[in-house]
Amino acid sequence: MLNYFQRQVELWGEEKQKLLQRKKIAIIGAGGLGSSLAYALGASGIGEIHLIDFDTVSLHNIHRQIAFSMEDVGKNKATLNAAIIQKRSPYTKAFAYEMDFNKWSQLNINIDLLIDATDNLPTRAEINGYAKETKTPWIYGSVEAFHGQVAFLEESSFSDSFKIIDKKPEGIAAPIVMHIASLQANLALRYLTGLSIKKDLLYYLFFNNDGELITQKFGLPK
């Protein structure tokens, strides 16, 4: 196993790599952010990854949801991502749930970290409620047009920090999706290996009219 993870072991040592093998996470949503997260984290050595999504692949998903190809149209997104994880790494168990988050939450599966890869605020409010009830930290991520947001939430409440509305997002291209998923994945790995991270802080990233990438930080209320 340590030979497979040689470069990661060089980064943080054998003990942290072995620690990852004992961790369990859930990724809610297996589309744009979710499929990028599956690639980023699926071969990292996390013990179990639980993927939740009731949705199937549509043609218009494929350009930005990197796990899928043309022959996947009509197939469940969570199941496809779980299969990719299992093919890439024999050291991570991947479980797919073809259901919405509310139904999954009733299964009472014990995990160490929730990662939001959804595309709507009402579901994020459900994730927040479940996280508070079970005392499980979670990583929020959202993308739209040329901007995105990421936050590691532990004490802060998403419902207190954001106005919960049901809104159709603007158009989007693949790179910003992959960028935000990458930031979520980095926060997840740092947390799961015991490295320091800044919690309850919102990172807001966007390109201004001059094409400059701007990163702003906002403390979230506790």
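Biologist: What makes Asp116 and Arg124 a salt bridge?

Modeller: A salt bridge is a side-chain nitrogen of Lys or Arg within 4 Å of a carboxyl oxygen of Asp or Glu. The closest N and O atoms of Asp116 and Arg124 are 2.7 Å apart, so the pair meets that rule. This is a predicted model, in which local features need pLDDT of at least 70 and side-chain atom pairs pLDDT 80 or more, while totals for chains, interfaces and linings use all residues. Residues are numbered from 1 along each chain as its sequence is written, and side-chain values use heavy atoms, with hydrogens and water left out.

Biologist: How do you know how Asp55 and Lys77 pair?

Modeller: Their side chains meet in a salt bridge at 3.2 Å, N to O. Asp55 is in the loop between S2 and H3 and Lys77 is in helix H3, 22 residues apart. Lys77 is buried because its relative accessibility is 4%, whereas Asp55, at 29%, is partly exposed.

Biologist: What makes the end-to-end distance of H3 agree with its residue count?

Modeller: Helices (H or I, at least four residues) and strands (E, at least two) are DSSP runs, numbered from the N terminus. The expected span is 1.5 Å times one less than the number of residues. The 12 residues of H3 should therefore span 16 Å, and its end C-alpha atoms are 17 Å apart, which agrees.

Notes. Buried means under 20% relative accessible area, exposed over 50%, partly exposed in between (1.4 Å probe, protein chains only).
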